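Student: I would like to go through this structure term by term. Could you set each label against its definition as we go?

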There are 2 protein chains.
Amino acid sequence: MAKSEQRHEVNFAPPRSFGTILKSRLKETLFPDDPFSEFKDETLPRRIKHGFQYFIPIFDWLPKYSLSMFKYDLLAGITIASLAIPQGISYAKLANIPAIIGLYSSFVPPLIYGVFGSSKHLAVGTVAACSLLIAQELQRVVNPAVDLQLYMRMVFTATFVSGVVQSLLGFLRLGILVDFLSHSTIVGFMGGTATLICLQQLKGMLGLQHFTQHTDVIHVIKAVVKNHKEMRWEPAVMGCIFLSFLQLTKFVKDKKPKLFWVSAISPMVVVVVGGVFAYFTRHNSHTIQVVGELKRGINPVSINLLIFDMKYFHACLKAGIITALIALVEGIAIGRSFAMKKNEQIDGNKEMIAFGFMNIVGSFTSCYLTTGPFSKTAVNFNAGCKTQMSNVVMAICMLLTLLFLAPLFSYTPLVALSAIIMSAMLGLIDYEKIYHLFKTDKFDFCICMTAFIGVAFISMDMGLILSVGLALVRALLYVARPSTIKLGRLPDSALYCDVEQYPSGTSVKGMLLLQLGSPIYFANANYIRERIARFVRDELASKSEGDGVHYLILELGGVTTIDITGVETLLEVRRNLEPKGIKIILVNPRLDVMEKLLLTNFVDKLGKESVFLSIQEAIEACKFSLKNEKIMV
Amino acid sequence: MAKSEQRHEVNFAPPRSFGTILKSRLKETLFPDDPFSEFKDETLPRRIKHGFQYFIPIFDWLPKYSLSMFKYDLLAGITIASLAIPQGISYAKLANIPAIIGLYSSFVPPLIYGVFGSSKHLAVGTVAACSLLIAQELQRVVNPAVDLQLYMRMVFTATFVSGVVQSLLGFLRLGILVDFLSHSTIVGFMGGTATLICLQQLKGMLGLQHFTQHTDVIHVIKAVVKNHKEMRWEPAVMGCIFLSFLQLTKFVKDKKPKLFWVSAISPMVVVVVGGVFAYFTRHNSHTIQVVGELKRGINPVSINLLIFDMKYFHACLKAGIITALIALVEGIAIGRSFAMKKNEQIDGNKEMIAFGFMNIVGSFTSCYLTTGPFSKTAVNFNAGCKTQMSNVVMAICMLLTLLFLAPLFSYTPLVALSAIIMSAMLGLIDYEKIYHLFKTDKFDFCICMTAFIGVAFISMDMGLILSVGLALVRALLYVARPSTIKLGRLPDSALYCDVEQYPSGTSVKGMLLLQLGSPIYFANANYIRERIARFVRDELASKSEGDGVHYLILELGGVTTIDITGVETLLEVRRNLEPKGIKIILVNPRLDVMEKLLLTNFVDKLGKESVFLSIQEAIEACKFSLKNEKIMV
């Protein structure tokens with residue numbers, strides 16, 4: 001083929017060494033945020049100092065801390081503590097563990113997060129979904145009503161596993177795993193879990209004595225119907241009043257965001273009012289169920305309680321890994337979204353390490369799984385927290401509560417806790433988002449509903465796994481069926497666009513222009529070969545006799561990488577087209593692709609003169625040689 | 001932003017309906033080859049006729065069949081039959097089933113393939129890898145030495161499962177599953193299997209009486225060392241002679257391709273010579289082990305032997321599914337590669353249905369798994385076969401053998417079979433290809449070696465699963481870490497290329513040009529956000545104070561699709577950049593992407609004037625408004 005004059009040089013430099021490529025790949029995969037960019041060009045002592053500040057953020061923010069900031073953090077800390085007490089007790093009940101563990105869990109973990117955490121707004125606490133999931137997984141092995149001691153040991157062990165998993169993921173910089181829990185999955189999972197948890201509260205709200213160990217919708221409804229004779233009006237009325245009050249305060253907050261504190265302290269109000277009421281009616285015949293004994297004193301050590309007997313450890317491992325991932329997704333997503341509001345950055349991998357330490361130490365000190373729950377973090381943010389100090393303040397409040405006030409909460413009615421949980425859960429079902437998914441992306445909607453229905457009707461882990469599986473199938477389908485488009489020239493321009501999108505685009509005589517997208521490799525190599533064959537067939541069928549197709553011009557700018565099977569496919573395409581008198585022209589292969597094409601000698605087989613930098617140049621060269629050929633004939 | 005004069009209209013047409021998109025997606029996913037394109041615009045009777053011809057190829061080729069073609073098919077059929085007899089007996093021994101089953105399996109399945117198969121060159125027969133795999137899986141449940149009858153029933157059931165799986169995959173047009181067995185995996189798997197099978201033959205070659213049930217390298221070597229006292233020189237010498245002869249004929253074939261028949265009939269020669277020798281030395285003290293009784297008569301019915309008791313069916317199901325996939329990959333790949341030599345097309349999904357029928361009917365008539373083995377197909381092709389008739393001829397030869405000659409083969413020495421198998425297997429270890437992988441793609445090499453080592457040292461299914469798993473991880477990594485490149489303008493041109501690849505590219509003042517590749521969605525959304533943030537950070541750091549970055553121009557031509565999480569990520573990027581005074585400009589979004597951006601109102605938020613068809617236009621418009629702003633200041 002003759003060279004056209006204006007042609008630009010294609011870079012045929014020999015491929016980089018394997019080491020260079022591997023290093024750059026690893027860097028992109030594990031360090032996409034380039035966390036060490038700040039350390040470049042610094043002396044060793046400064047590097048060490050910077051390293052400390054980087055890995056242990058308290059060294060970074062504490063030296064700059066001032067009294068004026070503390071005012072804000074004090075207020076925020078007290079506010080979230082008032083939320084932590086009722087939530088801690090409620091969620092502990094959800095996990096079928098003693099209420100006091102919920103209070104313990106708001107004391108030690110926030111202190112650890114204060115040291116290692118990098119988000120200024122995150123408030124540490126227990127979360128409903130993980131509490132229920134732990135109960136669901138561990139109850140299969142041990143019934144807490146029969147052997148509470150063993151069950152507790154398994155809960156601590158699961159927390160330990162979560163902590164180890166989280167910090168390992170952080171150290172290995174495998175934040176990438178969290179990326180595979182898509183937004184749609186999380187919306188569906190949260191919605192399904194909220195539904196489950198609301199239904200669980202029917203026991204408390206209706207004052208039932210017997211219920212079911214299962215958590216899925218069908219079993220719970222059956223249990224309610226079966227035990228409907230145990231229903232009592234007193235807790236039902238009280239529950240409805242509390243729930244209405246809580247929902248009302250939320251409504252107030254939504255209308256006047258400045259009154260966020262009304263909603264923040266309302267659970268505490270419910271607990272106090274309910275407790276006082278329960279105290280004064282304790283000798284009455286219409287007794288309402290209360291939390292029961294809460295001992296004074298701080299967290300006992302529990303490191304000796306961890307259990308590694310395979311008979312029980314297996315369930316702890318499963319529960320630990322699943323809850324670790326869910327807690328990470330919730331905590332990191334929330335930290336990130338609040339940081340964004342202040343235009344700050346959060347390093348996901350660092351957060352993972354902080355969460356991991358928090359849960360490892362927590363499991364040693366009678367705490368169960370904690371993360372950064374949405375509600376608490378939002379309150380913390382709105383209360384004006386400035387640094388991680390608000391978590392420390394909350395921890396001190398919890399310390400005082402544990403030392404002096406704990407017994408007071410033993411009169412908290414169960415129905416008050418049910419109302420608090422229900423109110424929190426009703427806010428987690430994101431109808432608008434689900435509708436938005438339905439309107440904009442049906443496949444995302446399916447992924448979301450798979451999680452929702454799976455969680456509600458099968459089990460939480462199965463719902464999650466099915467939904468993630470479906471999302472992965474989609475990811476693989478994208479890979480297996482990359483869209484290939486035919487390009488046409490827009491009138492009066494040198495632009496070549498998809499003829500389906502821009503029907504005014506006209507094809508160039510004697511040539512077929514295709515744009516490939518996404519990597520070419522084993523999973524889609526067959527598809528690409530067949531798709532190209534079909535394009536050629538259609539093109540030949542549509543053209544009149546005289547025209548024919550002489551050049552197949554492949555625009556490779558969108559092809560990010562190619563593997564051996566991919567290269568072989570291109571060779572096959574070439575072999576198939578040769579007898580038809582069609583030559584292949586490549587346009588703008590990227591660096592990775594070009595290296596592979598050079599290594600496999602594909603470029604040599606095709607000829608370097610068949611590779612161009614732009615479609616325009618390729619077409620001109622082809623036209624030129626077509627004209628020459630005609631003259632020759 | 002002011003509009004530049006030469007600007008081309010971007011297509012903002014409202015998104016297509018969900019039904020339209022779903023239909024086109026399904027078509028691309030399941031019917032990439034557009035098999036019904038021939039049927040368009042035809043009358044109903046012709047469509048029915050065409051349909052028959054399409055689905056049952058014999059209706060297509062038999063009416064055009066002529067005597068002159070039959071001459072070739074007769075010769076080819078006899079040649080492959082002479083190969084089928086020794087191979088059938090050998091591979092049946094590998095599967096630990098009676099030798100006669102191997103002969104049965106070359107009688108019925110070729111007839112079925114003759115009717116339904118679409119490849120003209122494929123020769124049907126049993127294959128070594130699947131034979132060993134069946135033995136490996138089923139021996140875990142039943143020992144054939146103890147209960148051969150039950151073991152046989154399981155073999156037939158596994159074959160039935162394979163047939164059902166294959167035809168289902170074909171009907172559901174799930175050929176896509178086969179795509180996920182990459183070339184590298186297959187090379188490694190074949191190499192590992194060949195190694196295993198060669199080692200297995202040590203028993204026959206050394207005349208050992210005791211051996212191991214295990215197939216992995218370590219167990220086999222241990223067994224040989226342990227039983228080394230049983231070794232006898234007679235079979236060893238005989239085996240070496242046979243093996244050298246077989247390898248010599250292969251060498252001859254490689255040197256003079258016309259003499260392919262020498263290599264094709266050599267196994268038959270070995271069997272006959274060995275049989276005659278064994279017959280005459282049968283009363284000698286140095287007896288060599290022979291195949292043993294082979295009854296006359298055609299395939300007995302075995303449909304009543306299929307076993308669906310869950311205790312045994314489970315293993316059959318696993319063995320059936322794995323062998324179904326491997327057999328499909330081998331059969332389709334081979335059919336395809338020979339069709340390509342004649343510039344013909346093979347429809348993978350149709351082939352699957354043919355293989356499926358072949359194995360279902362086979363399992364009813366005492367056959368075990370068959371497919372299109374490479375060696376036999378190559379012989380068939382070289383012998384000049386013209387149509388599927390050669391398979392029918394082979395079946396008739398087998399019929400005659402079963403009716404009259406079978407007892408003669410009972411004197412076949414086991415060592416002759418071992419030599420035949422070893423010779424076939426030595427050709428399957430593709431050293432050159434493995435070295436080629438090592439040179440060109442280290443990751444593909446790892447995938448290949450995982451299969452090789454996994455098969456050789458763990459088990460065949462684990463090796464395969466590990467290798468496919470690794471390949472999938474790579475597929476997902478491609479998706480999770482798509483390469484994003486910075487574009488620069490090539491000197492004296494309007495071309496914008498990767499600055500890493502073309503270091504002469506210069507950036508445009510006040511703008512940052514990035515080209516994204518591959519879909520943007522949940523698995524890579526976080527990565528893309530961080531990567532863009534890093535590009536912006538680096539760009540701001542490198543530019544001098546006055547310059548700054550005012551526009552982030554994203555070239556989206558390579559982005560094949562986007563999901564909700566992806567759109568939210570772009571919104572986040574926009575929110576992050578806004579405070580820095582950087583505007584986002586989109587260039588050339590594809591149809592799918594544009595539709596999603598319109599549906600989610602992203603385009604409205606960004607403004608339609610921020611979407612361009614080419615980088616050049618985008619840059620000019622940005623320059624224009626930058627100049628205006630300066631004037632305003």
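Tutor: Gladly, starting with strands and pairing. Helices (H or I, at least four residues) and strands (E, at least two) are DSSP runs numbered from the N terminus, and two strands pair if DSSP finds at least two bridges between them. This is a predicted model, where local features need pLDDT of at least 70, side-chain atom pairs count only at pLDDT 80 or more, and totals for chains, interfaces and linings use all residues. Residues are numbered from 1 along each chain as its sequence is written, while chains are lettered from A and ligands numbered from 1 in the order in which they are written.

Student: How do you know that β1(A) pairs with strand β3 of chain A?

Tutor: Two bridges join β1(A) to strand β3 (residues 511–517), and at least two are required, so they count as a pair. These strands run antiparallel, with A:K486 standing opposite A:L514 in β3(A).

Student: What joins β1(A) to strand β2 of chain A?

Tutor: Three bridges, again antiparallel, with β2 covering residues 496–498. A:R489 faces A:Y496 in β2(A). The two strands form a hairpin with six residues between them, and A:D492 in the turn has a positive phi of about 55°.

Student: Why is strand β1 of chain A called largely enclosed?

Tutor: A residue is buried if 20 or more other C-beta atoms lie within 10 Å of its own, exposed if 12 or fewer, and partly exposed in between, with C-beta atoms placed from the backbone. Four of the five residues of β1 (residues 485–489) are buried, so the rest of the structure largely encloses this strand.

Student: Is A:A378 buried or partly exposed?

Tutor: A:A378 has 19 other C-beta atoms within 10 Å, so it is partly exposed. This residue is in helix α17 (residues 374–382) of chain A. A:F338 is 40 residues away from A:A378 in sequence, and their C-alpha atoms are 8.1 Å apart.

Student: What makes β2 and β6 of chain B edge strands?

Tutor: Chain B has an open sheet of six strands in the order β2-β1-β3-β4-β5-β6, with mixed pairing. Strands β2 (496–498) and β6 (611–612) each pair on one side only. Within this sheet, β4 (residues 551–558) and β5 (residues 583–587) of chain B pair in the parallel sense over five bridges, and B:E555 stands opposite B:V587 in β5(B).

Student: How do you know that the two copies are related as by a two-fold rotation axis?

Tutor: Copies are superposed by least squares on the C-alpha atoms of residues with pLDDT of at least 70 in both. A rotation of 180° with 0.1 Å of shift along its axis superposes chain B on chain A, with an RMSD of 0.1 Å. The copies are therefore related as by a two-fold rotation axis. In chain B, the C-alpha nearest the axis belongs to B:G558, 1.9 Å from it.

Student: Which residues does A:I134 contact, leaving aside neighbours within four places in sequence?

Tutor: They are A:A95, A:V155, A:A158, A:A319, A:T323, A:Y368 and A:L369.

Methods
Two residues are in contact if their C-beta atoms, placed from the backbone, lie within 7 Å.
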